[in-house]
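Biologist: I am new to this structure and would like to learn how to read its features one at a time. Could you show it to me first and then take me through it?

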Amino acid sequence: MEHEKETIYAPATPGGGAISVIRISGRDAHRVMNEVFFCHVKKMAHAKLYHGQIRYRDKLIDDVMAVIFDAPRSYTGEDMAEIHCHGGRVGMSGVLAALSQCGARIAEPGEFTKRAYLSGKMDLSAAGAVMELIEATSSAGANAALRQLSGGLYEKITAIQSALTDALAIISAGIEYPEDDIEADIRRDAMPLITFAKAETEKIADTFKSGRMLRDGYSVVIIGRPNVGKSSLFNMLLSKERAIVTHIPGTTRDAVDDIIIKHGVPVRLVDTAGMRRGADEVEKIGIARAKDAVKNADMVLFVIDRSAGVTGADKEIFGALGGSVIVVLNKSDLPPKVSLREAEEIFGKKAVEVCAISGMGREALLKMIDPPDIGDSEDVVITNERHLNILKAADESLDMAIGAFDTADLDCVDVDLKDAWDRLGEITGLTVTEEIIDQIFDKFCLGK
Amino acid sequence: MAYNSGKYDVVVVGAGHAGCEAALASARMGQKTLLLTINLDGIALMACNPSIGGTSKGHLVREVDALGGQMGFCADAAYMQIKMLNTSKGAAVQSLRSQQDKKLYQQNMKWTLENTENLHISTAEVARIATKNGCVTGIETSLGAMYGAKAVVLCTGVFLHGRVIIGEHSVSSGPSGLFPADKLSLAELGLKVQRFKTGTPARVDRRTIDFTKMIPQYGDAEPQYFSFMTKGAPREQYPCWLTYTKEKTHEIIRKNIHRSPLFSGSIEGRGPRYCPSIEDKVVKFPDKERHQVFIEPEGIWTNEMYVQGMSSSLPEDVQKEMYRSVPGLENVVFMRTAYAIEYDCIDPLQLKCTLELKDIQGLFCAGQLNGTSGYEEAAAQGIVAGINAAQYIKGEQSLVLRRSDAYAGVLIDDLVTKGTAEPYRMMTSRAEYRLLLRQDNADLRLTEMGRRVGLVSDARYDAYMKKREAVEHEKKRLALCTVSAEQVNAMLEQKGLPPIKEPVKAASLLMRQGIRYGDIKPICGIELQKEVAFCVETEIRYAGYIQKQQRQVEKYASLEKKRLPDHFDYQRVKGLRLEAAAKLSAVGPETLGQAMRISGVSPADISVLSVYFSGRRN
């Protein structure tokens, strides 16, 4: 349809498997593919599977299979593409990031089906069934579902919206009636409402992490240059826990994810060593992978070979890390070239001495892997990535609004706040204009 | 006895602010036009406040002007005070507001009408609209004159079955003691009619006011004008005066509230929330210790003063008592009594966005008849209705202003999509694309449209082209022009802003808070007209926001273009929810974009419609 101009993408398979399929649809689907996918042919043919690489800005991201479909011979009736990449969040996130860098956006739930429907790919006789589906994803229909499924989320978001409505009413009253003696100092009265809204928005957005943790586990990524003993460490950590280890099915190709349980939270270990390697690009891939893995990791175990000391390659990998990092000094049974304290000083992170082969230091390391306790929190937890994106966008608009108080003018603050309101409205299905006008006249005595 | 009185292309009924613009537009577009009014002395009458413009209303006046309308011109010629409001709140919400010499304004407008080619003005009360096969064919006056017309524009204001109420007293009347229009029945035409109410305060004798107890309010030292074509030196300006009600005023109101027709229920019409009577304010906000009262001159050659903030429908004796409780008004003598007025208007859902009635071809409506309030709102609809009446006769493409084109577009779209349950006032908050719809760029937005229909003169068009070029050229120049730290740091320091270290583009200086074009002019600017400089600095400062809003406009553009059929029974569309089908049938949207804005219609419903109609076309 002509009004569906944006090109969208989304994982078509649930996370956690060995292979994930990402679908892309829209006018620019083929252009986006050409920008990220490199294989032996210049021009891909309709419905043929190709082997190649996903690259972004000359950086190798993944080794994948891909296929394109020409409009209207596709599921949605638009130009489409599919990428079959390595599964799990680590593998997929790099590809998704590359797609979004190329101008595509993440699809809303049901959007592919909706487009298929709009393109007339689905018979009108199927309208009833399809409508229900679309209805569930449309804002109005989502409301009911939302209230049932996510408990207090709807209430939480409407509370934020109502704070924003109040702030907007204060600002709008000042703008619409510049000469009335409104007993309000716009900044003084509106700012606390905005900062409240922002704090709440961020609080809910943050729960995505724990929501994700409950669903996907607290991810601990093992990183390090080749031959420092990452796989041994991986095995060491799991060895005596076999009884409570659940092997995630379907990971044979990667064989990297495994889970141990720490106070109710599944801890997922990811060994980057097990990844497929391009023959000559080991280091490059290692670093690229490290970056992507780390982006989604809750904690990183950075492994070095203590008997070799701290090498340039170690430092290079460490440079790509961020957040919660533990330096693991492996091969502590051999004569050390670096002491615990020296390592901690060099990297500015806590370090621990282990010997992966003998199991020495295992208990100490396990103690340091400490996922937050999210056992029986009553709070709303979001697990839907779309909700997260909406909250992030709203948060960004609120940030701009606060900034605009200082750097721009009141009309900009107003536009940003409305923007935030409308974003949240994508969750609650409410619209703002009339509410503000009602508020203005309920709150202030205005008019001549 | 009815008699044949001639034929016109367009007959405009009513010569208020909507009627004047409609008649001028139609005549200037070459249509033989007749403007009928109940009283020639009521042409362009400002029946309420002596003021044109104000927040968002000032935008409307500039838009009317850019399209080739008259209101801005006449207001510039008759101002007693002029002021740019909201200068500290951002370029998008700045609005021009003027105090007017009412008589002078009327005289200017009447003289313009009288000297417009193709336009005749006549006194008459219209008693009947003649139609044939769903098309308008002419009108008949109360004295039996029958005029043939290809199109009729109805601008009846508050005259239609008008009833003035003062306390227990009520009389059939138009505004300011003019005759009402009691013979015309819109219900007879099959239209859905509603009853609205508005009010006006008393006028008092200037000589009986003690101004020493009031605070004077002055206009801008360097006035800006409404019309993009007005030039010339500023004239003398006159102050308004501010005073406040006292607790005693509120006591008098409370003591007598049972005598108010609004509270006793003898007024049935819906009044506007943004124009409350003083008794409304006191009842609704009992904790507010005082309310503002502005005393505004009604003209240069009159002692009548308008008492803004004290509109009322309480009995005259109560009015006098409460007015005299206000500091400065202790001995005030009434020249006109405050009153409320009820009138017939239509449910605007019956209109297309061209302001033509959906069910009667060639019959257009504008102004308060459509449920709005305000001179500026009326003028904006008037010019659109006048243009479209002419285009209809010529068989040419009608003028539809979208929400992203103009406040006038927002106004009309709101009316025809949402209807209105109270007199509708334009507000900045209603315009979602506010940063695109500024008063400084009304000409850049709309002159081309006015030109297309033939309302924009060569002189105006040239001025617009020059401004557009100057703005674009300067924006480009500033984006390329580099300035060094030595050049600008003195100025930044003087402004209390942090200095720069590396050279920067001149445009980026303008993005800093508190830096105006005038500040960079000695460093890297050129000699520019004031309005060009303002437009340049605004577009640079707001660039990020403007782009964002433009992207939103583009996102919905194709939906706005997708036409829906007239008189369509939405119950026939399978998959549409019942509520949505009922709403859609009631409103009868013209485009998918309009359908999307109807409350109760979900995005899913829009998807269904989209498929349904694209399938049908194939």
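**Reading strands, sheets and a helix**

Modeller: Let us start with a pair of strands: in chain B, strand β7 (residues 126-132) and strand β8 (residues 135-141) run antiparallel and are joined by 6 bridges. Two strands count as paired if DSSP finds at least two bridges between them, and helices (H or I, at least four residues) and strands (E, at least two) are DSSP runs, numbered from the N terminus. This is a predicted model, in which local features need pLDDT of at least 70 and side-chain atom pairs count only at pLDDT 80 or more, while totals for chains, interfaces and linings use all residues. Residues are numbered from 1 along each chain as its sequence is written, and chains are lettered from A and ligands numbered from 1 in the order in which they are written.

Biologist: Which residue is the bridge partner of T131(B) in β8(B), and which residue takes a positive phi in the hairpin?

Modeller: The bridge partner of T131(B) is V136(B), and in the hairpin, with 2 residues between β7(B) and β8(B), the positive phi, near 50°, belongs to N133(B).

Biologist: In what order do the 4 strands of the open sheet in chain B stand?

Modeller: The order is β11-β10-β19-β12 in chain B, with antiparallel pairing. β11 (169-172) and β12 (193-200) of chain B each have a single partner strand and stand at the edges, so one side of each is left without a neighbour in the sheet. From one strand to the next the twist averages 25°, where axes are lines fitted to C-alpha atoms, for helices over the stretch in contact, and angles run from 0 to 180 degrees between N-to-C directions. Within this sheet, 3 bridges join β10 (residues 163-166) of chain B to the antiparallel β19 (residues 339-346) of chain B, and I165(B) stands opposite A340(B) in β19(B).

Biologist: Turning to a helix, which residues of α10(A) are buried, and which are exposed?

Modeller: A residue is buried if 20 or more other C-beta atoms lie within 10 Å of its own, exposed if 12 or fewer, and partly exposed in between, with C-beta atoms placed from the backbone. In helix α10 (residues 312-319) of chain A, the buried residues are D314(A), I317(A) and F318(A). Seen down the axis of α10(A), these buried residues fall within an arc of 100° (that of the directions from the helix axis to the C-beta atoms), so they line one face of the helix. G312(A), K315(A) and G319(A), on the other side of α10(A), are exposed.
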